[in-house]
Amino acid sequence: MSTYPNIQETKEIIKQLVSIPSPTGFTASAIQFAEDFLQKLHVETKRNRKGGLIATLPGENNDEHRMLTAHVDTLGAMVKEVKSNGRLRLDLIGGFRYNSIEGEYCEIHTSTGKVYTGTILMRQTSVHVYKDAGKAERNQENMEVRIDAEVHHAEDIRALGIEVGDFVSFDPRVQLTENGFIKSRHLDDKASVGILLQLIKRLKEENITLPYTTHFLISNNEEIGYGGNSNIPPETVEYLAVDMGAMGDGQSTDEYTVSICVKDASGPYHYGLRKRLVELAEKNNIEYKLDIYPYYGSDASAAIKSGHDIVHGLIGPGIDSSHAFERTHEKSLINTEKLVYHYVLSEMISY
Ligand SMILES: [Zn+2]
């Protein structure tokens, strides 16, 4: 598997991507990274007003289009309150629990572009002082940011330029192990963004003309529900979201295969497209799993909900412990990369 042409490079792109802070609402640098990457390949791109990026590869058939998406926005937080004790209260961006960020190093991004580091902690962390340190609830009330600066009061914090509304990003803690694992926050969905960027690079390098004009939307508001629901050209027939596969008890998704989603909280994905994806996987020896994600929505379901008449699908690498301490394996990345490659080269389904 490690001989697959692009995997080291794909992992390197993912590593760079997860290292760029981009909580939803603060994604300019991550979008810039994708734009620079594509411009080097001489791929035409444009931005939408929401700040997402669209790249288009012209195809032989320009009457019927395809669209693929992956999102660069991630979980994060915002300063909710500058507290009188010299700490910050947070408000979370995206769906996750406070316990998954307890003890995490973070960065506070001020409106003037300054960056301060800090740690997200329970107010009652010190066991030498607080009897209930272990039992106290991990919530907005009890958790706060300890800024790495000498601050005693709210005024000291404000003197640094930190204010309500500043974005807070979490340390990605990215690590690539020698046996093929990639561990990091934000593999959702930067693993897939890396896969799509690598796919476009491969198509350009191999001078491949796609059968259909194909748009790639790097969306930036997925975690709050409306990332990929706009800028879908009317010619678009098939719309494939590439986003993480959800793992857990009862799930068939794993870290080694590509997960093909048959249904999530928004309902079933398009049956015909799902069957086509399975067919492509089987024909090309791509290891896959079919799965249902119970508490999940994607850019594709957001597009359907916003009223687009499209054939929608969802595939992606399996990500363990999603929205927390995420991990996947390069086998899953390879299988996903292969499936998107064969997909963009395939005939459309008849619907
Ligand atoms: Zn996602």
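The largest cavity in this predicted model has a volume of about 60 Å³. A cavity here is a set of points, on a 1 Å grid over the protein atoms alone, where a 1.4 Å probe fits but cannot get out. Grid points are joined across faces, edges and corners, and a volume is the space filled by probe spheres set on the points. The structure holds 1 cavity of 30 Å³ or more.

As a predicted model, it is read with limits: local features need pLDDT of at least 70, side-chain atom pairs count only at pLDDT 80 or more, and totals for chains, interfaces and linings use all residues. Residues are numbered from 1 along each chain as its sequence is written, and side-chain values use heavy atoms, with hydrogens and water left out.

**Cavity and pocket**

The lining of the largest cavity consists of L75, F170, R185, H186, D188, H323, A324 and E326, where a lining residue has an atom within 4 Å of a point. These residues divide into 3 nonpolar, 2 polar and 3 charged. In this classification Ala, Val, Leu, Ile, Met, Phe, Trp, Tyr, Cys and Pro are nonpolar, Asp, Glu, Lys and Arg are charged, and the others, Gly among them, are polar.

The largest pocket has a volume of about 650 Å³. Of the 27 residues that line this pocket, M244, Y295, Y296, G297 and H323 are the closest to its centre. A pocket is an open set of points with protein on both sides within 12 Å along at least five of seven lines. H323 is also one of the residues lining the largest cavity. Helices (H or I, at least four residues) and strands (E, at least two) are DSSP runs, numbered from the N terminus.

**Domains and cores**

An automatic or database domain assignment supplies the domain bounds. The protein chain is divided into domain 1 (7-74 + 186-344) and domain 2 (76-170). The centres of the two domains, taken over C-alpha atoms, are separated by 32 Å. Contact between them involves 12 residues of domain 1 and 12 residues of domain 2, with contact meaning heavy atoms within 4.5 Å.

The largest nonpolar core has 73 residues, and those with the most contacts inside it are L38, L68, L197 and I315. Helix α4 (residues 187-205) gives the most to this core, with 9 residues. Apart from this core lies another, of 25 residues, among them I108, V145, I147 and L160. A nonpolar core is a set of buried Ala, Val, Leu, Ile, Met, Phe, Trp, Tyr and Cys residues joined through side-chain atoms within 4.5 Å. Buried means under 20% relative accessible area, exposed over 50%, and partly exposed in between (1.4 Å probe, protein chains only). Not counting residues up to four places away in sequence, L197 touches I13, L17, F33, A34, F37 and L38.

**Backbone features**

The peptide bond from D188 to D189 is cis, with omega near 5°. D189 lies in helix α4, while D188 is among the residues lining the largest cavity. H186, another residue of that lining, is found in the loop between β11 (181-183) and α4. H186 has a positive phi of about 75° although it is not a glycine. At 9% relative accessibility, H186 counts as buried.

N285 also is a residue other than glycine with a positive phi, near 55°. N285 is found in the loop between α5 (271-283) and β17 (288-293). With 68% relative accessibility, N285 counts as exposed.

**Selected positions**

A133 is placed in the loop between β7 (115-122) and β8 (143-147). A133 is buried, with a relative accessible area of 9%. Leaving out residues up to four places away in sequence, A133 touches Q124, T125, V127 and R138.

P268 is found in strand β16 (residues 267-268) and, at 59% relative accessibility, counts as exposed. Beyond its neighbours within four places in sequence, P268 is in contact with V262, K263 and H312.

G113 lies in the loop between β6 (105-109) and β7. G113 counts as exposed, at 56% relative accessibility.

The table gives C-alpha separations for these positions.

| Pair | Separation in sequence | C-alpha to C-alpha distance |
|---|---|---|
| A133 and R123 | 10 residues | 8.7 Å |
| P268 and I292 | 24 residues | 8.7 Å |
| G113 and N229 | 116 residues | 30 Å |
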